[in-house]
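Dear colleague,

I am handing over the structure below for your records. My notes on what was found in it follow directly after it.

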Amino acid sequence: MSIAIYPGSFDPVTCGHLDIIRRSCKLFDTVIIAVLNNSAKNPLFSVDERIELIKKSITDLTNCKVMYFDGLLVDFAKQQSATAVIKGLRTISDFEYEYQMAQLNKKLNANIETLFMVTNANYSYISSSVVKEIASLGGDFSDLVPKEIYEDVRQKIEKGR
Ligand code: PNS
């Protein structure tokens with residue numbers, strides 16, 4: 001049984017994330033979307049809200065689940081009997097950071113493999129940060145997040161204004 005972890009902050013989940021999730025679900029028996037519970041990052045959405053937004057976006061996927069984690073990613077992966085961590089790569093700058101993370105995670109636990117998946121070109125410019133920026137400035141971000149969560153994101157930003 002192959003289990004992979006797809007970790008991130010997902011504040012909020014974007015179409016780019018969803019593309020990686022869908023493709024990962026074709027490669028592994030189970031994909032665990034692991035939401036980092038780290039208040040130091042000062043997220044817009046609470047960890048429970050981020051989990052709900054992801055769940056709303058993946059209702060058609062049967063081999064994927066969402067969990068939160070804190071502490072080290074490799075420790076969470078081991079607890080879940082996962083053998084791989086999936087990271088999406090959009091740009092060279094993503095690679096530089098992710099390469100360092102992959103090496104560190106390898107040093108911490110040599111049994112967990114990091115797999116890089118190249119983001120679909122249509123989504124390579126999307127990040128949670130740009131979604132929040134466009135939404136807060138009143139721009140159209142409907143193509144950037146899963147349609148199931150568009151209204152939730154819009155309302156949250158509206159409330160915060
Ligand atoms: O979506 P993000 O914020 O780029 O995701 C970053 C994440 C959650 C993958 C990364 O911060 C992480 O793995 N944090 C857990 C702590 C850890 O294990 N750090 C790496 C060891 S140096």
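In which loop is Phe10 found? Phe10 is found in the loop between E1 and H1, where helices (H or I, at least four residues) and strands (E, at least two) are DSSP runs numbered from the N terminus. Please note that this is a predicted model, in which local features need pLDDT of at least 70 and side-chain atom pairs count only at pLDDT 80 or more, while totals for chains, interfaces and linings use all residues. Residues are numbered from 1 along each chain as its sequence is written, and side-chain values use heavy atoms, with hydrogens and water left out.

The backbone of this loop deserves a separate note. Most residues other than glycine have a negative phi, and most peptide bonds are trans. Phe10, although not a glycine, has a positive phi of about 50°. The peptide bond from Asp11 to Pro12 is cis, with omega near 5°, and Pro12 belongs to the loop between E1 and H1. Thr14 also lies in the loop between E1 and helix H1 (15-27), and its side chain reaches the backbone nitrogen of Gly16 at 3.2 Å. This is a polar contact (a pair of N or O atoms within 3.5 Å; within protein, one must be able to donate a hydrogen and the other to accept it, and residues adjacent in sequence count only if both atoms are side-chain atoms).

Phe10 counts as buried because its relative accessible area is 2%; buried means under 20%, exposed over 50% and partly exposed in between (1.4 Å probe, protein chains only). Thr14 is likewise buried, at 2% relative accessibility.

Asn42 also has a positive phi, near 50°. Asn42 is found in the loop between strand E2 (30-36) and helix H2 (47-57), and is exposed because its relative accessibility is 66%.

As to the ligand, Gly8, Ser9, Lys41, Gly71 and Leu73 come nearest of the 13 residues around it, a residue being near if one of its heavy atoms lies within 4 Å. Oxygen atoms of the ligand lie 2.6 Å from an N or O atom in the side chain of Ser9, 2.5 Å from a polar side-chain atom of Lys41 and 2.7 Å from a polar backbone atom of Leu73. Taken alone, the ligand exposes 560 Å², of which the protein buries 74% (Shrake-Rupley method, 1.4 Å probe). Helix H4 (92-108) and strand E1 (3-8) each supply at least two residues of the shell, and H4 gives the most, with 3 residues.

With kind regards
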